[in-house]
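User: I would like to learn how to read the features of a structural model, one at a time. Please give me the general idea each time, and then the case at hand.

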Amino acid sequence: MLAKWFAIPLWQRVIAALVLGTITGLVWGPGAESIKIVGDVFIAFIKMLVVPLIFFSLVSGVAAIGDLRKLGAVGGRALLLFVVTGQIAVWLGLFLGTVIQPGIGVDTAGLDLGPTPAPNETTWREMILGIVPQSPVQVMADVNVLPLIVFSLLIGVGILMADKDGTPVQKIFDSGSVVMQNVTMVVMELTPFGVYALMAWVAGTLGFDALIALGKLVGLNYLGCLLIIGLMYSAMIKFMAKLSPVDFFRGIVDAMAVSYSTASSNATLPVTLRCAERNLGVSNSVASFVIALGATINMNGTAMYLGLATLFGAQVFGVDLSWGQYFLISILATLGAVGAAGIPGAGLIMMALVFGAVGVPLETIAFVAGVDRIMDMMRTTTNVSGDAAVAVTVANMTGELDRAELTSADDV
C-alpha cells in the first residue's frame, strides 16, 4: 500500500489533497477546523527547517565558488546580475501585490489565530546594527534571519580564504547542505496531509472568498514569472548578450520543460548545462560555474513570489506595512531566495523568515500551501531560465560565447 502511495508523484498527491481538502471543507463547514492540527504540525516542521537549511545552504553555496579570484571577471559579473535581477523580481512581486491586492476581501474575523504579531518598528539605524550577529548562537535560537545570513556568508568567505585548510570544513557544510535537502524532502512528504487539513480548514471556515483570493495569488504568480522571463530576461539577452531572445528561448526549451515538470532547479541542472553549452555556445568553464552557482543562489521566481506572498498575508490579516518594511521585505526575499534549496517546496520554508520579520502571521503559509506546488512549477522555470540568461550574458562579456555554436544549433 505504501509502495503504491510513494509511486505517485508528490505533486499529484498534493493536487489531489488540495481538491479533496477543498471539497471536505465546503461540505463540513466550520467543523473542519478540528483537523487543522494536522496542518499545524506540517507548518511546525517547516519552521523547524528554516535555520539549519539557510545556514548550511548559504555557507556551502559561497564555498562552492572555489576561489576568491573567481569572484572577478566571471563570478563578480554573475553575482551582480543575480542580485540586481533578484531585486527587480521581488519589487515586481511587491508592485503586483500592491496594485491587485489579492488578499483583500477575505474575512478572518471568525478564525482563532491568536494574537497577530506587531510589525517590526525598528529604525533603520537599529536595523543596520541588527545585521551584525553579536551572538550567532542567540541569532539561531531566536530565528533572527538577517544576521544569520550575514554570519553564513562570512563563514563561506572564511572557508574560501583558508584555501586548502578550509577544505575539511567545506566538506562538512557540503554534507550538511545535502543532509538538510534530504530532510526537507522527507518533510515535503507530509505536504499532502498538511494541505488536505489546511485547505479543509480554510474552505470550511472562510468559504469561497478564500478560494477566490488563492486563485488571484496563483494568477499573479504566473503573471509575475512571465513578465520576468518575457521582459527582463529578453532585455538581458537582447541588449547585454547581443543575441536574439527567440534563439535563446529556443535553445533552453528543454530545460524549461524539465524544470516545470520537476519543480526542481537541482534536478534540471544537467539539462540546463547541456542547453547552455550545446545550444547557446557558452563555454564549459563559464556554464559550469555560473549555472551551478545560479542553481543555488539565483531564484528570481522565488524572490518575486516571496514579496507577493508577504503582501498577500498582510492583506488577509490586516497588517499595515511601511515603506521601511517594504525595503526589508526586498532584502529578505532576495536573500531568502538565495538560501532556498533548489528542490520542490523550498519556497514555503523561506516564507517563515520573511513573514516573521514584518509581523505577517505564519498562518499565511496555511493559506498558500495547498496551491504552492502549482506556483512552484512556474517559479522554478523562471529560476532556471534566469540561470541560462546570466550564463549567456556573462559569457558574452568575457569573450566565452561561441556564436558559431549558436548558429549551428539553429541550423539543426
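Predicted model: local features only at pLDDT ≥ 70, side-chain atom pairs only at ≥ 80, totals over all residues.

User: Which residues form a nonpolar patch on the surface together with Phe193?

Analyst: Patches in general are made of residues with over 30% relative accessible area and no salt bridge, like charges being joined within 9 Å and nonpolar side chains (Val, Leu, Ile, Met, Phe, Trp, Tyr) within 5 Å. Here the nonpolar patch consists of Phe193 with Ile37, Val38, Val41, Phe45, Met48 and Leu190, and its accessible area is about 590 Å² together, areas being computed by the Shrake-Rupley method with a 1.4 Å probe and, for residues, only the protein chains shown counting as cover. Helix H3 (residues 36-63) supplies the largest share of the patch, five residues.

User: Which salt bridge does Asp40 make, and what is its N to O distance?

Analyst: A salt bridge is a side-chain nitrogen of Lys or Arg within 4 Å of a carboxyl oxygen of Asp or Glu, and by this rule the count comes to six. One of them joins the side chains of Asp40 and Lys36 at 2.9 Å, N to O; both residues lie in helix H3, four residues apart, about one turn of the helix. Asp40 is partly exposed at a relative accessible area of 32%, whereas Lys36 is buried at 11%.

User: How far apart in sequence are Arg274 and Asp254, and which helices hold them?

Analyst: The closest N and O atoms of the salt bridge between Arg274 and Asp254 are 4.0 Å apart. Arg274 lies in helix H13 (residues 265-279) and Asp254 in helix H12 (residues 253-262), so the pair ties together parts that are 20 residues apart in sequence. Arg274 is partly exposed, with a relative accessible area of 37%, and Asp254 also counts as partly exposed, at 39%. For Arg250 and Asp247, whose side chains meet in a salt bridge of 2.9 Å, N to O, the setting is helix H11 (residues 245-251), where being three residues apart separates them by about one helical turn.

User: Which residues are linked in a network of salt bridges?

Analyst: Asp372, Asp376 and Arg379 are linked in such a network. Asp372 is placed in helix H19 (residues 372-397) and is buried, with a relative accessible area of 3%. A polar contact of 3.2 Å also joins the side chains of Asp372 and Arg379; such a contact is a pair of N or O atoms within 3.5 Å where, within protein, one must be able to donate a hydrogen and the other to accept it, and residues adjacent in sequence count only if both atoms are side-chain atoms.

User: Which residues touch the most other members of the largest nonpolar core?

Analyst: A nonpolar core is a set of buried Ala, Val, Leu, Ile, Met, Phe, Trp, Tyr and Cys residues joined through side-chain atoms within 4.5 Å. The largest one has 118 residues, of which Phe248, Val282, Val290, Met351, Phe367 and Val392 touch the most other members. Helix H10 (residues 208-240) gives the most to this core, with 14 residues. Leaving aside neighbours within four places in sequence, Phe248 is in contact (heavy atoms within 4.5 Å) with residues including Ile237, Leu280 and Val392.

User: What is the phi of Lys242, and where is this residue found?

Analyst: Most residues other than glycine have a negative phi. Lys242 has a positive phi, near 60 degrees, and is found in the loop between H10 and H11; at 55% relative accessibility, Lys242 counts as exposed. Asp163, which is not a glycine either, has a positive phi of about 55 degrees and lies in the loop between helix H7 (145-162) and helix H8 (167-188).

Definitions and conventions
Residues numbered from 1 in each chain as written. Heavy atoms only, no water. Helix = DSSP H or I, 4+ residues; strand = E, 2+ residues; numbered from the N terminus. Buried < 20%, exposed > 50% of the residue type's maximum accessible area, 1.4 Å probe, protein only.
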